[in-house]
Amino acid sequence: RLQQPLRPNPLMSKRAPSENRAPSNRPAKRGAAKAGLDELLAAAGASRQPGEGGGWAIADAFRFRQQITREAEADGFKEELLAALSDECFDPARLVALLRPTAGAAAVSSNDSIVRLLLHVDSLQPDIASSLMQLLPEYQGEEASDAMTTTRLILSQFRWLEHIVDGAALVGAASEMMQVADAPLKRELLLVLPDLVQDGQHAAAADTLRSVLGEDTQFLASVLDAFGSLVLEPDALAEVCASVMDAVAGANVEDLPVVVRFLLQHMTKDSAKATVAALRTGMQLDLLRGGDAAAGGGEASGEALVLDALTTAMRLRKDVAVLVVKHLGGIAAAADHTPVDAWLLCAAYTASAATERKKVLKLVLDKACGRLLSAALLRAAIAGHGVALAPHFATLLELATVLLQQKGRRAAVEAGSDLYCLAFDEFADVFKRQELLSRVMAHVGS
């Protein structure tokens with residue numbers, strides 16, 4: 001247990017005295033005897049299955065919720081139910097049984113757990129939710145015996161609840177749990193945070209996420225996943241994007257695809273310049289390749305996923321490619337270009353429709369003729385990045401062919417020749433080299 005819990009844990013406190021309770025639909029009581037969870041839930045149609053730590057069965061989940069909602073209005077029932085749940089929570093096997101989906105009739109549309117069904121009762125939700133949060137540190141670091149750890153089971157109870165009674169309290173509880181949580185549990189808490197707030201409280205959840213992002217970029221991917229589930233006002237979203245831009249340079253290779261998708265998905269005309277600048281300066285291709293070498297490379301290498309994220313984002317939003325090309329067009333000095341610019345142009349050409357491709361091609365020609373795309377820059381963008389650029393091999397050949405066809409424009413021809421040579425050296429696949437040589441022979445023959 002936490003040494004200083006957020007507030008007294010209802011599931012860990014003694015039940016209130018049972019005298020002077022209002023009558024209810026439950027069977028006549030056992031005098032002053034303590035009621036077990038089986039007896040309290042039996043009238044609502046729930047029963048424990050045989051076996052130690054056995055699960056629960058419910059004949060009708062809708063009837064169960066209705067009955068418990070009525071019972072919770074009776075004097076003393078709430079305290080008695082919380083006390084009975086406390087007894088169950090002291091036994092890890094029984095706690096897991098409460099968190100697992102219930103068995104029921106085939107006609108039942110939902111197989112929610114006992115805990116999740118109780119969370120749908122407004123009068124019970126705040127106490128049970130707070131208590132579940134305080135149970136989390138006890139099970140962090142646990143090795144799962146199957147696909148789901150106890151901490152994940154607990155947090156799964158909050159996913160897609162129909163109604164949140166006190167979102168502010170839940171966000172506060174989750175924030176305090178993050179202070180004592182290890183990294184895996186903290187990631188799970190970040191991902192569930194959007195499910196803990198009501199529609200009008202997304203800004204409060206965003207503040208918590210931004211605070212975590214400012215403290216440690218190792219949680220960047222989880223924070224961005226959570227942001228994707230929030231609906232924010234334009235001003236708040238702009239502040240979030242600014243925080244993410246600041247984190248690009250320090251992001252892990254594994255997190256960069258998520259960062260790229262998030263920034264391009266939320267890019268506007270006003271933020272385009274800052275967004276493209278953050279990607280151009282924050283992503284270093286030599287570092288991406290270094291990360292892949294450490295990880296063993298392969299189809300799912302970090303740089304391959306980054307380039308795929310760039311291309312996918314431009315396919316999903318056609319205006320993104322237009323804004324990126326416009327920004328790159330404003331760079332007038334060769335020294336200001338980076339190898340990432342070649343990747344951005346390649347992704348924009350691949351993702352654009354035929355009419356927009358002409359604009360990308362014109363920009364590439366203008367850059368080549370102005371000697372802004374130097375041989376060193378093209379080499380840095382292509383050499384050693386064959387895995388990432390393999391899906392864009394056809395784009396490289398198309399650009400090289402057009403550049404090589406520019407009679408009388410020596411700089412463009414040289415750039416096209418450099419592209420062909422770099423592509424031939426980088427892609428050792430026989431079929432790719434045959435395609436490349438056939439294009440060169442066709443050019444010579446023309």
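Which residues of helix α14 (residues 272–282) are buried? I looked this up in a predicted model. I listed Ala272, Thr275, Val276, Ala278, Leu279, Arg280 and Gly282 as the buried residues of α14. I then checked what covers them, and the cover includes α12 (234–247), α13 (256–265), α17 and α18. I kept one general point beside this entry: an α-helix has 3.6 residues a turn, so residues three or four places apart point the same way.

Entry on the whole chain. I counted 24 helices and three strands in the protein. Of its 446 residues, 48% count as buried. I took the contacts with a separation of 6 or more, and residues 24 or more positions apart account for 69% of them. The accessible surface came to about 21,100 Å², and carbon and sulfur atoms hold 54% of that area.

Entry on histidine 337. I found this residue in the loop between α17 (318–329) and α18 (339–351). Is histidine 337 buried or exposed? Histidine 337 counts as buried because its relative accessible area is 9%, and the cut-off for buried is under 20%. I noted two polar contacts of its side chain: the side chain of aspartate 341 at 2.8 Å, and the side chain of lysine 367 at 3.1 Å. Leaving out residues up to four places away in sequence, I listed Arg280, Leu328, Ile331, Lys367, Leu372 and Leu377 as residues that histidine 337 touches.

Entry on glutamate 398. I placed this residue in helix α22 (residues 393–404). Its relative accessible area is 26%, so glutamate 398 is partly exposed. Which residues does glutamate 398 touch, not counting those up to four places away in sequence? I found Tyr349, Arg357 and Arg439. I also looked up leucine 361, which is 37 residues from glutamate 398 in sequence and 9.5 Å from it in space, C-alpha to C-alpha.

Entry on backbone angles. Most residues other than glycine have a negative phi. I noted tryptophan 160, which has a positive phi of about 55 degrees although it is not a glycine. Tryptophan 160 sits in the loop between α7 (150–156) and α8 (167–180), and it is exposed, with a relative accessible area of 69%. I noted arginine 371 as well, with a positive phi near 55 degrees. Arginine 371 lies in the loop between α19 (354–369) and α20 (375–382).

Terms used:
Residues numbered from 1 in each chain as written. Predicted model: local features only at pLDDT ≥ 70, side-chain atom pairs only at ≥ 80, totals over all residues. Heavy atoms only, no water. Helix = DSSP H or I, 4+ residues; strand = E, 2+ residues; numbered from the N terminus. Buried < 20%, exposed > 50% of the residue type's maximum accessible area, 1.4 Å probe, protein only. Contact = heavy atoms within 4.5 Å. Areas by Shrake-Rupley, 256 points an atom, 1.4 Å probe, with all protein chains shown as cover. Polar contact = N/O pair within 3.5 Å; in protein donor to acceptor, adjacent residues only side chain to side chain.
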